[in-house]
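Here's a quick briefing for anyone opening this one for the first time. Have a look at the sequence and the model, then read on.

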Amino acid sequence: MAILKWTPRPFRANLVNDFIRLQREVNQLFSGVTESPGVNLTRTSGVYPALNLSEDDENLYVRAEIPGIEPEQVDLLIEGDNLTIRGQRTIPDADKKVNYHRRERESGYFRRVLTLPTTVDHSKVAATVKDGVLTITLPKAEAVKPKQIKILAA
Amino acid sequence: MSEKELQVKDKTELAEQGEHTKSGPVFIPDVDIYEDQGALTLLADVPGVDGEHIEIDVKDNFLTIVGHITPAAQEGEHSLLKEYGEGRFHRKFVLADIIDQEKISAKVKNGVLTLVLPKVERAKPHKIAVAAG
């Protein structure tokens, strides 16, 4: 029987390294997912304001964040399937004598057209502004509402 | 003044420094800060936040603003288009000593927070009269 010099395998060190590698790989796998939890945006149109559109069985809902804009500064127009949102945002100059440290909020006018995915009942469209969030509720036309179809026994 | 067309701005998400206990996105609100003789005024765009869901905290010269929103969508809605994210607002500023921390006042209207930070007496500019000698 040959006598071999015993080299202790750096068992623990390897195990630790393996775990570090595993951790790195798992982190990489999830990096794209965890960076922005909950925000999965559709490409924006590049036109102010950014809109969120959703629906349920009865209505379409269009929402926009328009902080600092009074309801009377917004014009809504519906024409066929096109919803137009126009308006103006003014930032009152508190006083001409003030000096600005930061100025990130912007003023100006905006015009946005959104093509609605379904036909809506023009006469029942309602809009509200609450805490700077505009919500437009557009009831779907009767013809496009989902309906259950009864199957008759022949 | 308002001849300019408003450009859509992507909401900036807060880069995390330590984890938040609540999940969900956190955004940095746009602010204007201006100064006049008596006070520093801060305006922040916090759409979806009402007066009861905003926390303003002044501690060790740090001013922290946290706004909580109530998600606008009701139950049973399916999203068809999502151009902006919804989440909390969070921003932190370092205050100079000249602010009278006891007299800070705040209000929220139409999704805009107005914070008035009065200056302490000694920081207000004084005209120094030069006597003719």
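First, a term: a salt bridge here is a side-chain nitrogen of Lys or Arg within 4 Å of a carboxyl oxygen of Asp or Glu. By that rule, eight salt bridges cross the interface of chain A and chain B. Keep in mind that this is a predicted model.

**Where the two chains meet**

- On the chain A side, 57 residues are in contact with chain B, and 51 residues of chain B are in contact with them.
- Together the two chains bury about 4900 Å² between them, and 51% of that is on carbon and sulfur atoms.
- For one salt bridge between the chains, look at Arg63(A) and Glu77(B), whose side chains meet at 3.2 Å, N to O.
- There are also 28 residue pairs in polar contact between chain A and chain B, counting pairs with both residues at pLDDT 80 or more.

**What chain A brings to the interface**

- Five strands of chain A give two or more residues each to the side that touches chain B: β1 (51–55), β2 (59–65), β4 (82–89), β5 (99–103) and β6 (108–115).
- The largest share comes from β6(A), with six residues.
- Sorted by class, this side of chain A has 23 nonpolar, 17 polar and 17 charged residues.

**Strands pairing across the chains**

- β1(A) runs antiparallel to β7 of chain B (residues 78–82), and four bridges join the two.
- Find Leu53(A) and you'll see Leu81(B), in β7(B), standing opposite.

**A sheet within chain A**

- Three strands of chain A form an open sheet in the order β3-β4-β6, with antiparallel pairing.
- β3 (74–79) and β6 of chain A stand at the edges with a single partner strand each, so one side of each has no neighbour in the sheet.
- From one strand to the next, the twist averages 10°.

**Inside that sheet, pair by pair**

- Opposite Leu77(A) stands Thr84(A) in β4(A), while Asp75(A) has Arg86(A) as its bridge partner in β4(A).
- The hairpin of β3(A) and β4(A) has two residues between the strands, and Gly80(A) takes a positive phi near 60° there.
- On to the other pairing: β4(A) and β6(A) are joined by eight bridges and run antiparallel.
- Asn82(A) finds its bridge partner in β6(A), and that partner is Thr115(A).
- As a tip for viewing, side chains in a regular strand alternate between the two faces of the sheet.

Technical notes
Residues are numbered from 1 along each chain as its sequence is written. Chains are lettered from A and ligands numbered from 1 in the order in which they are written. This is a predicted model: local features need pLDDT of at least 70, side-chain atom pairs count only at pLDDT 80 or more; totals for chains, interfaces and linings use all residues. Side-chain values use heavy atoms; hydrogens and water are left out. Contact means heavy atoms within 4.5 Å. Buried area is the accessible area (1.4 Å probe) that two parts lose on being put together, summed over both. A polar contact is a pair of N or O atoms within 3.5 Å; within protein, one must be able to donate a hydrogen and the other to accept it, and residues adjacent in sequence count only if both atoms are side-chain atoms. Ala, Val, Leu, Ile, Met, Phe, Trp, Tyr, Cys and Pro count as nonpolar, Asp, Glu, Lys and Arg as charged, and the others, Gly among them, as polar. Two strands pair if DSSP finds at least two bridges between them. Axes are lines fitted to C-alpha atoms, for helices over the stretch in contact, and angles run from 0 to 180 degrees between N-to-C directions.
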